[in-house]
Amino acid sequence: MDASPKIDLHVHSNHSDGRESVAEVIDEAVAAGLSVMALTDHDTTAGWVEAESLARSRGLGFVPGIEVTTRTRTVDADGNAHGFGVHMLAYLPDPNNEPLSKILSGSVEGRVERLQKIVALLSADFNLFWDDVLEHIEDGATPGRPAVADALIRLGHFENRGQVFEKLWYKGSQYYVPNTEVPTPEEAIALIRGAGGVPVIAHPLARGKRPENPDDFPRDHFVHLIELGLAGFEAFHRDVDADVADWLVRLAAEFDVFVTGSSDYHGKEGKPNRLGENSTSIEALRQIVEQGTGANAYIPSGIL
Ligand code: AMP
Ligand code: FE
Ligand code: FE
Ligand code: ZN
């Protein structure tokens with residue numbers, strides 16, 4: 001066994017906004033030398049069965065997961081409320097749990113309506129139609145802005161997803177519409193735990209969303225979420241700055257929760273994120289497997 005196995009617990013396929021099929025992703029995970037991978041498509045469990053069977057056949061560890069879309073708000077010093085999205089990873093929830101699956105399908109439906117609004121706003125300035133976007137969403141997949149980006153790239157307006165996000169969806173952009181038909185982080189934690197899952201905040205305080213000053217990090221809010229059942233923080237992620245990661249590691253230790261590290265891979269061409277570029281400790285994986293009772297992980301012997 002490898003001295004420090006690569007454990008990457010945040011990976012997307014084309015069941016949401018990843019560019020590659022589950023089979024391609026599993027091939028890439030094996031090629032990247034991962035020991036354990038979690039599939040965490042946005043708001044869906046659709047890839048789990050295929051991913052588990054392929055992972056098993058290759059001796060690759062597999063943890064079924066979801067990246068649950070949530071939305072919360074903060075009130076600034078002047079008393080103004082600001083809404084923002086929070087992604088909550090859910091490991092090992094029961095995929096047939098009714099309250100959870102109902103919320104997830106509501107989120108997917110809300111995402112379709114929201115993307116249609118974004119397309120309507122963009123069509124004032126670009127020759128873009130909803131059908132162009134549909135070409136970039138697999139049947140039944142959870143749609144997101146990357147599909148709109150892919151359509152604009154196909155039409156020749158941009159070169160890659162990063163460029164589209166930078167030019168079109170900067171803070172305060174006229175082309176931005178939020179996901180509103182989604183749970184709060186508090187609701188998501190209750191739903192995930194209720195389904196036997198393990199909730200972990202994805203890329204907390206990611207670049208662009210982090211307060212400048214560490215004194216303004218939302219300690220009380222995060223402590224409150226831990227009290228509600230939050231299991232950990234994805235501290236090691238390319239969008240989480242090093243000072244934030246240090247702060248999260250200390251907070252996690254203080255409250256006896258864990259931190260994870262993952263890539264958030266979206267395919268070789270979806271984003272620059274590479275499989276295995278961050279890794280989760282064996283100890284954190286052990287806690288996930290122990291706490292998660294809604295589904296089974298496949299962990300080859302010798303890893304835990
Ligand atoms: P949405 O789910 O519609 O809010 O879109 C957010 C998704 O867009 C994220 O899950 C990422 O997959 C993707 N994304 C965000 N920023 C970028 C970027 N700069 N380059 C490529 N993909 C991005
Ligand atoms: Fe994504
Ligand atoms: Fe995310
Ligand atoms: Zn993600």
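## The zinc site

His10 and His12 are both buried, where buried means under 20% relative accessible area, exposed over 50% and partly exposed in between, with a 1.4 Å probe and protein chains only. The model is a predicted one, in which local features need pLDDT of at least 70 and side-chain atom pairs count only at pLDDT 80 or more, while totals for chains, interfaces and linings use all residues. Residues are numbered from 1 along each chain as its sequence is written, chains are lettered from A and ligands numbered from 1 in the order in which they are written, and side-chain values use heavy atoms, with hydrogens and water left out.

The zinc ion (ligand 4) is held by His10 (NE2), His12 (NE2), Glu67 (OE) and Asp264 (OD) at 2.1 to 2.2 Å, and these donors are spaced H-x1-H-x54-E-x196-D along the chain. Donors are N, O and S atoms within 2.8 Å of the metal (3.2 Å for Na, K and Ca), and water is not among the atoms, so sites may look incomplete. The angles among the four donor atoms of the zinc ion (ligand 4) run from 78 to 168 degrees, and the site is irregular. Four donors count as tetrahedral if all angles lie between 85 and 135 degrees, four count as square planar and six as octahedral if opposite donors are over 155 degrees apart and all others between 65 and 115, and anything else is irregular.

## The two iron sites

The iron ion (ligand 2) lies 4.4 Å from the zinc ion (ligand 4), and its protein donors are Asp17 (OD), Asp17 (OD), His42 (NE2) and His266 (NE2), at 2.1 to 2.7 Å. This site, that of the iron ion (ligand 2), is also described as irregular, with angles of 51 to 159 degrees among its six donor atoms. Asp17, in the loop between strand S1 (6-11) and helix H1 (22-31), and His42, in strand S2 (residues 34-42), are 25 residues apart and link distant parts of the chain; helices (H or I, at least four residues) and strands (E, at least two) are DSSP runs, numbered from the N terminus. Asp17 and His42 are both buried.

The iron ion (ligand 3), 5.4 Å from the iron ion (ligand 2), is coordinated by Glu67 (OE), His87 (ND1) and His203 (NE2) at 2.0 to 2.2 Å. His87 lies in strand S4 and His203 in the loop between S5 and helix H8 (219-227), so the pair ties together parts that are 116 residues apart in sequence. His87 counts as partly exposed because its relative accessibility is 23%, whereas His203, at 16%, counts as buried.

## Strand S5 and its neighbours

From strand S5 (residues 198-201), Val198 and Val200 point one way and Pro199 and Ile201 the other, and all are buried. Strand S4 (residues 81-91) runs antiparallel to S5 and is joined to S5 by four bridges, with Met88 opposite Ile201. Two strands pair if DSSP finds at least two bridges between them.

## A buried helix residue

Ile288 belongs to helix H10 (residues 282-291) and is buried, because its relative accessible area is 0%. Ile288 and Ala90 are 198 residues apart in sequence, with 9.9 Å between their C-alpha atoms.
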